[in-house]
Amino acid sequence: MSKKQSFFQAGFTLTELMAVVIILGILSAIGAGSYKKAVERSRFSDGLMAATAVMESVNRYYADNPLTTDAQYPTINKTDIDFPNQTSCGDYCIKTKFFETTICNGGFTDAQRRKGTQVGDYAVRAYSSEFGSNRHKRAECIYYNDGGKDLCISAGYPNCSGTTSSTVCATSVAKCTK
């Protein structure tokens, strides 16, 4: 009998097992949140890359067509942009899996985060280094809610200002002179 009793006494109690399960649940919840933030920061980088690639394509178009004015801003089909699985959403707009990138008059492109057919928490704006009054800027993050604000700030855009419906966050890049 004493051997049988010592065998059962050497195991874990139900309270100890429940404590371990609760601790693992808390750690996995924290890990899942961190994982989601890391994935969204990665998608933010994809959006910045898309906006910058489209802006560089517009710059190449202007370099190849020097007599073009802003009134003749190039449409997507006049540029050399080719993203995987891109679809057209207008003359100046292309959609990828996570972003809708638009060529805007004034020397910038916007990559709006999309979640299915819904607008996401933020957009990334890339500026041309060649044209427009904002040529001293590189890029900005525009957020629409607190989730977008946290992402903009964690992506390195800490200087935020604007309205409550959309706020622009910029880096502290010094103005360049040519």
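The secondary structure of the chain comprises three helices and eight strands. Helices are DSSP runs of H or I with at least four residues, strands are runs of E with at least two, and both are numbered from the N terminus. The order from the N terminus is α-α-β-β-β-β-β-β-α-β-β. The model is predicted: local features need pLDDT of at least 70, side-chain atom pairs count only at pLDDT 80 or more, and totals for chains, interfaces and linings use all residues. Residues are numbered from 1 along each chain as its sequence is written, and side-chain values use heavy atoms, with hydrogens and water left out.

The chain has 178 residues, of which 30% are buried. Buried means under 20% relative accessible area, exposed over 50%, and partly exposed in between (1.4 Å probe, protein chains only). The accessible surface of the chain is about 11,500 Å². Carbon and sulfur atoms contribute 57% of this surface. Areas come from the Shrake-Rupley method with a 1.4 Å probe; for residues, only the protein chains shown count as cover. Among contacts with a separation of 6 or more, 39% link residues 24 or more positions apart. A contact has heavy atoms within 4.5 Å.

Helix α2 covers residues 14-64. Its 51 residues reach 74 Å from first C-alpha to last, close to the expected 75 Å. The expected span is 1.5 Å times one less than the number of residues. Buried positions in α2 include E40, F44, G47, A50, A51 and V54. M55, S57, V58, N59, Y61 and Y62 are buried in α2 as well. The buried residues of α2 pack against β2 (93-95), β3 (99-104), β4, β5, β6 and α3 (146-154).

I23 also lies in α2. With V20, L24 and L27, I23 makes a nonpolar surface patch of about 390 Å². Patch residues have over 30% relative accessible area and no salt bridge; like charges are joined within 9 Å, nonpolar side chains (Val, Leu, Ile, Met, Phe, Trp, Tyr) within 5 Å. A salt bridge places a side-chain nitrogen of Lys or Arg within 4 Å of a carboxyl oxygen of Asp or Glu.

Strand β5 (residues 118-127) is mostly covered, with seven of its 10 residues buried. β5 runs antiparallel to β4 (residues 108-115), joined by seven bridges. Strands pair if DSSP finds at least two bridges between them. D110 stands opposite R125 of β5. β4 and β5 form a hairpin with two residues between them. G116 in the turn has a positive phi of about 70°. β5 also runs antiparallel to β6 (residues 139-143), through five bridges. Here V124 has C141 of β6 as its bridge partner.
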